[in-house]
Amino acid sequence: MTKALLKKQFLEIFAWFRYNARNGKRRKGIALFGFAALYLYLFGFLGYFFFMFADGLAPLYSIGKGWISMLIMSLVGILLGVIGSIFSTYNILYRAKDNDLLLSLPIPPSKILFVRLLGVYLMGLLYELLVMVPTLIVFFQHAKPSVAGALFAVLLPFVLSLFVLTLSCLLGYVIAWITARMRRKNLLTVLAALLFMVLYYFGYSKMMTALSKILMYADALESKLRWIYPFYHLAMGTEGNLLSMLISTAIFALLFAVTVAVLAKSFLKLATTNRGEKKKVYRESRVKAGGVSSALLKKELRRFLSSPVYMLNCALGSVFMVVLGVLVLIKGRNLLSTVSATPMLGTEGLTVLIFAASLCMIASMNDVTAPSISLEGKWIWLVQVLPVRPIDVLLAKLKLHLWVTLPPLWFFAAASLIVLQPTWYYLLLLLLVATVFAVMMALIGLCLNLKFPNLKWVNEAVPVKQSMSVLLSMFGGWGIVLTAGLLYWLTMDFLSPVLFLGIVVCLIAAACILLWQWLRTRGAKILAFLT
């Protein structure tokens, strides 16, 4: 029975590797080999990044403080292991879809719990090893350890993984508790992904500074790291200290045992209780009738907010616009002084052109309309049989894109204008070019998706991440901005910046009119008969 449960759990965990999300078919032969090669490359890239980080701490070995390097890398390994496995813990342990089915079978709950915990443990260990394997390579290159130190260094990742499992179980429970009480559960996924991105880029930008400070203040750091008691002793174990290794292993094993004991006692309740979910009680109330336009827009908005994949991949530009707007308000004066000091860029017109290009480049990162037709999937017939015109459906998708894009874009533009303080006609042109460009990109995305629809996906990540319309929309927007820059460079001798911006606004507005006319005629017909 345990063997069958283990096989089922492993097949479930690695289903993403064995099956193609685009069509639901099993990967075979060259497709399987190519997919495996891709992930080996990605894991190798991450491993190389952590190898460079660990190698930057290598001088600590030459001054007899190599354990500091092992401790720091162990903490990084724990962080990555927990981040990588925390949502797996939530899905595997607390909100598994087959809990009711397994519990209805003559299987002891303890066996189900054991298999679930093993799956969580392996996921955490996999992510942790991305850090610890490169760390061990650097360790054996520079440390010259004793036999005991080498043995304890090899055992260190497996001892750490007990703590990773403990933290994952605890934080997974917290996420399960929070999401059960959240009205918009997908919001937590989006916020967690954004937080991870912020931490990653912040950590990457500060990596070299952190390495230099660690090496410079190693003596002062040593006394502070002793307070992290179990991790200090675990790192000292790699110096060959048997007592330290036993102390740290005992602490982590005790934490793991307590976690397992608590889960074993409450697993049945955790697996069968819908925490925080309230029964819906019907209450009679008046319903205000709405128009076709508002109803379709609400439908698109609900679809958008229900999908973290859709939000993160197609509206990330809005987040960047807000962040960049704040940065411009804080650091804009310094940037403007640097630009003004450059002989080729010191004029007001060229400075405005640079900011206009930045606004358009960031706006093109939003491609909400590009997968919007494909996301209807096999339910496209519902849109087609509704008593509404196809153009109304397309217009609702356009409105969603503009709702998501224009407010943060205008905030970024306003921040730029506060810093630039340009002449009134440059102010007007900057706002106009940003707005009409965003409208054009919304229209382009929708037209491309009508020409390259994918309605037969199994996983919604396929039309969002792997569709031709999304690819052409994003890179096409960047291409348009770069082409405009090249044209200005070729014509700058006889075209002033204000005249060039005016021509660009007129051309983009004309493109918007042509694209809208195509949508009203040909595009509406395509949507009406799309299958």
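User: Before we start, what should I know about the model and the numbering?
Analyst: This is a predicted model, in which local features need pLDDT of at least 70 and side-chain atom pairs count only at pLDDT 80 or more, while totals for chains, interfaces and linings use all residues. Residues are numbered from 1 along each chain as its sequence is written, and side-chain values use heavy atoms, with hydrogens and water left out.

User: How does the lining divide into nonpolar, polar and charged?
Analyst: The lining of the second largest pocket has 27 nonpolar residues, 2 polar and no charged. In this scheme Ala, Val, Leu, Ile, Met, Phe, Trp, Tyr, Cys and Pro count as nonpolar, Asp, Glu, Lys and Arg as charged, and the others, Gly among them, as polar.

User: Switching to the surface: which residues make the nonpolar patch?
Analyst: Leu38, Tyr41, Leu42, Phe43, Phe45, Leu46 and Leu126 make a nonpolar surface patch of about 650 Å², and helix α3 (residues 29-56) gives the most to this patch, with 6 residues. Such a patch joins nonpolar side chains (Val, Leu, Ile, Met, Phe, Trp, Tyr) within 5 Å, from residues with over 30% relative accessible area and no salt bridge; the areas come from the Shrake-Rupley method with a 1.4 Å probe, and for residues only the protein chains shown count as cover.

User: Is Leu42 buried, partly exposed or exposed?
Analyst: Leu42, which has its place in helix α3, is partly exposed, with a relative accessible area of 37%. Buried means under 20%, exposed over 50%, and partly exposed in between.

User: Now salt bridges. How many are there?
Analyst: The count comes to 5 salt bridges, a salt bridge being a side-chain nitrogen of Lys or Arg within 4 Å of a carboxyl oxygen of Asp or Glu.

User: Which residues are linked in a network?
Analyst: Lys299, Glu300, Glu376 and Lys397 are linked in a network of salt bridges. Within it, Lys299 pairs with Glu376, their closest N and O atoms being 3.0 Å apart; Lys299 is in helix α14 (residues 292-305) and Glu376 in the loop between α17 and α18 (380-385), 77 residues apart. Lys397 and Glu376 also meet in a salt bridge, at 2.8 Å from N to O. Lys397 lies in helix α19 (residues 390-420) and Glu376 in that loop, so this pair ties together parts 21 residues apart in sequence.

User: Which partner does Arg389 have?
Analyst: Arg389 forms a salt bridge with Asp392, with 3.0 Å between the closest N and O atoms. Arg389 is exposed, at 53% relative accessible area, while Asp392 is buried, at 18%.

User: Why is helix α12 described as largely enclosed?
Analyst: Helix α12 (residues 229-237) is largely enclosed by the rest of the structure because 8 of its 9 residues are buried, among them Phe231, Tyr232 and His233. The C-alpha atoms of His233 and Met245, 12 residues apart along the chain, are separated by 6.1 Å, and Met245, in helix α13 (residues 242-272), is buried at 5% relative accessible area.

User: Last one: what is the phi of Lys144?
Analyst: Lys144 has a positive phi of about 50° although it is not a glycine; this residue is found in the loop between α7 (109-142) and α8 (147-181) and is exposed, at 79% relative accessible area. Most residues other than glycine have a negative phi. Gln421 also has a positive phi of about 50°, and lies in the loop between α19 and α20.

Methods:
Patches are made of residues with over 30% relative accessible area and no salt bridge: like charges are joined within 9 Å, nonpolar side chains (Val, Leu, Ile, Met, Phe, Trp, Tyr) within 5 Å. Helices (H or I, at least four residues) and strands (E, at least two) are DSSP runs, numbered from the N terminus. Buried means under 20% relative accessible area, exposed over 50%, partly exposed in between (1.4 Å probe, protein chains only).
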